[in-house]
Amino acid sequence: MKSQKTKAKAYWRQNLIYLFVLLFIWFAVSYGAGILFKEELDQFQIGGFKLGFWFAQQGSIYVFVILIFVYVYLMNRLDAKYGFNDTNKSETP
Amino acid sequence: MSVQTWTFIIVGLTFALYIGIAIWSKASSTKDFYVAGGGVSPWANGMATAADWMSAASFISMAGIIAFAGYDGSVYLMGWTGGYVLLALLLAPYLRKFGKFTVPDFIGDRYYSKTARIVAVVCAIIVSFTYVAGQMRGVGVVFSRFLEVDINLGVVIGMIIVLFYAVLGGMKGITYTQVAQYCVLIFAFMVPAIFISIQMTGNPVPQVGMGSTLADGSGTYLLEKLNGLSTELGFSEYTNGTKSKMDVFAITFALMVGTAGLPHVIIRFFTVKRVRDARKSAGIALLLIAILYTTAPAVAVFAKTNLLNTVSDQPYAEMPEWFKNWEDTGLLTFEDKNQNGTIQYVANPELNELTVDRDIMVLANPEIANLPAWVIALVAAGGLAAALSTAAGLLLVISSSISHDLIKKVFNPKISEKGELTAARISAAVAVVIAGYFGINPPGFVAAVVALAFGLAAASFFPAIVLGIFYKKMNKEGAITGMIVGISLMLFYMLKFKFGIFDGGKEAVEGLKDQWWFGISPEGFGTIAMIVNFVVSLTVNAFTQSPPQEVQEIVEDIRIPSGAGKALEK
């Protein structure tokens with residue numbers, strides 16, 4: 001069995017990888033699609049929305065919600081893998 | 001029944017509900033008062049966070065601002081939701097694991113210094129007062145329009161209600177009233193939005209209706225129609241902005257980072273039981289917030305189109321009743337410059353005859369669309385719920401900063417549990433009175449003031465907290481200098497370019513726009529101040545001593561989620 005310290009290190013490294021990927025998507029949908037490349041995307045249309053405008057006022061928000069729930073899922077799985085999940089009943093009052 | 005009778009009934013019922021909850025959830029210990037006992041479920045905390053977060057600015061002002069700013073209004077939509085991603089990924093789980101009562105608690109312990117704690121207290125108080133002033137003003141607007149009481153009396157009534165449940169129940173009372181307030185405000189926001197969406201596009205989902213064709217059978221898309229109307233009157237196209245890309249970028253970033261750094265939002269995550277609950281409730285909070293935030297831009301489009309259709313080039317004598325009602329409040333003014341009796345609403349300020357305060361769009365919207373009286377009354381109750389829930393959360397930050405961080409941790413560590421609880425209650429009461437003063441003498445309109453609070457939070461807390469978690473070797477010298485430099489720079493920029501105090505007052509503000517640094521407005525300057533904070537912190541850190549071993553161990557410990565239940569018992 002690995003020592004607590006190496007376990008913690010590996011856990012933290014994996015956490016940072018998740019953060020990096022999720023924040024990249026966070027940046028891409030809001031600052032990328034909604035601001036920097038808005039004009040380019042506006043040439044496409046979904047229904048009555050120009051695409052860049054849609055990302056800025058609707059799409060980015062939907063993606064933000066999904067991102068947090070993906071993070072919750074990934075981290076719960078990671079906690080379980082390293083045994084850091086609080087399932088110990090004695091801690092609940 | 002008249003709108004006013006309905007408003008008295010609905011507002012009266014909701015207030016009775018809040019007071020009932022306050023009595024039921026009276027705080028009996030400091031732990032109850034600061035973190036609601038620490039056992040709030042993720043759903044309850046998610047709902048409370050959403051209400052805590054969505055203020056008078058979100059409910060009353062935001063859709064109105066977007067209606068007039070079009071694409072530029074996206075900064076608020078992305079900024080005030082995207083911050084939750086930062087909060088959930090970078091802050092909430094670790095601060096919950098750390099498990100104390102306040103944000104200055106974290107700063108003080110992590111940076112092993114009373115000075116750091118006091119600097120954090122000062123920052124928390126500046127941020128929270130800036131923010132709370134906007135809420136009280138929102139309460140006043142609603143009262144004066146719907147209950148036809150004086151705007152100042154409205155503020156006083158709001159103060160008494162908040163005083164009652166914040167002082168009595170502390171965080172515990174606030175949490176459960178916020179759960180109720182979320183339900184009231186989301187219902188109040190959605191009902192008229194759905195009605196109007198059906199009216200205008202035939203689609204009951206406002207988010208979809210916004211991108212649909214008009215219900216008049218013309219086959220024109222609503223947004224196309226609005227773009228057409230806007231350009232006809234000399235405004236820029238609704239779906240294109242007028243702000244520079246740089247400024248849009250900076251404002252969005254400042255709002256996001258500020259969201260993650262606002263103490264009244266952060267402390268909500270101290271109230272759940274485990275780290276995984278903190279993550280989950282951040283997700284639930286954003287989901288519940290997103291319901292309003294994706295509807296608001298639709299409401300903006302509906303309201304703007306309706307307004308242009310109703311007033312543009314129409315005879316003043318034929319204006320409906322709501323027009324006169326809002327004129328009485330002074331928030332809508334018509335000046336017949338060419339004396340022809342019709343309303344010219346155009347971009348050119350020389351010819352324009354109509355001024356519409358942006359704060360009234362959501363409140364007037366149901367009337368403009370001819371919705372039933374009870375819907376209009378519901379909107380009033382929703383606006384009050386939004387303003388009161390946020391005000392209460394902010395007042396708790398102010399009171400706990402004083403009673404816990406200043407009195408207990410700095411000046412009088414021997415104070416008894418009972419004494420600290422009394423101190424917390426007294427400081428909450430004093431804070432309410434000061435907030436009320438700002439509400440009666442407001443420093444500007446709601447969202448503008450609130451937007452500045454984000455810059456202040458971004459410039460002070462965010463770097464200190466993130467570095468405290470992600471950089472083990474971050475020391476006190478760096479963090480303290482960073483916070484002081486960051487918030488001072490932001491305050492300076494705000495006073496210079498928003499209030500013009502160095503150049504002869506508010507009139508000078510317009511002329512100073514050319515001098516904005518990098519073309520960034522005061523609202524977006526939090527981004528620059530935050531970067532400066534990071535740079536100063538890391539530079540000072542490089543030349544001073546590393547933090548002691550036990551502090552580095554605290555950092556290692558907060559990165560591991562297990563065992564959070566115990567932390568609070570310490």
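A residue is called buried when its relative accessible area is under 20%, exposed when over 50%, and partly exposed in between (1.4 Å probe, protein chains only). The structure described here is a predicted model, in which local features need pLDDT of at least 70 and side-chain atom pairs count only at pLDDT 80 or more, while totals for chains, interfaces and linings use all residues. Residues are numbered from 1 along each chain as its sequence is written, chains are lettered from A in the order in which they are written, and side-chain values use heavy atoms, with hydrogens and water left out.

**A salt-bridge network in chain B**

- A salt bridge is a side-chain nitrogen of Lys or Arg within 4 Å of a carboxyl oxygen of Asp or Glu, and B:Lys100, B:Asp105, B:Asp109, B:Arg117 and B:Asp405 are linked in a network of such pairs.
- B:Arg117 is buried because its relative accessible area is 5%.
- B:Arg117 pairs with B:Asp405 at 2.6 Å between the closest N and O atoms, joining helix H7 to helix H16 (residues 373-411) of chain B across 288 residues.
- B:Asp405 is likewise buried, at 0% relative accessibility.
- B:Asp109 forms salt bridges with B:Arg117 (3.0 Å, N to O) and with B:Lys100 (2.8 Å, N to O); at 22% relative accessible area, B:Asp109 is partly exposed.

**Helices of chain B**

- Helices (H or I, at least four residues) and strands (E, at least two) are DSSP runs, numbered from the N terminus.
- Helix H7 (residues 114-146) of chain B contains B:Thr130, which is buried at 14% relative accessible area.
- In helix H11 (residues 245-261) of chain B, 14 of the 17 residues are buried, so this helix is largely enclosed by the rest of the structure.

**The interface of chain A and chain B**

- Contact means heavy atoms within 4.5 Å; 46 residues from chain A and 58 residues from chain B take part.
- Four salt bridges are counted between the two chains, including one that joins the side chains of B:Lys245 and A:Glu39 (2.5 Å, N to O).
- Helix H3 of chain A gives the most to the side of chain A that touches chain B, with 17 residues.

**Confidence in chain A**

- pLDDT is the predictor's confidence in each residue, from 0 to 100; chain A averages 87, and 89% of the residues score at least 70.
- Over residues 88-93 of chain A, pLDDT stays under 50.
- Where pLDDT is low, the predicted coordinates should not be read in detail.
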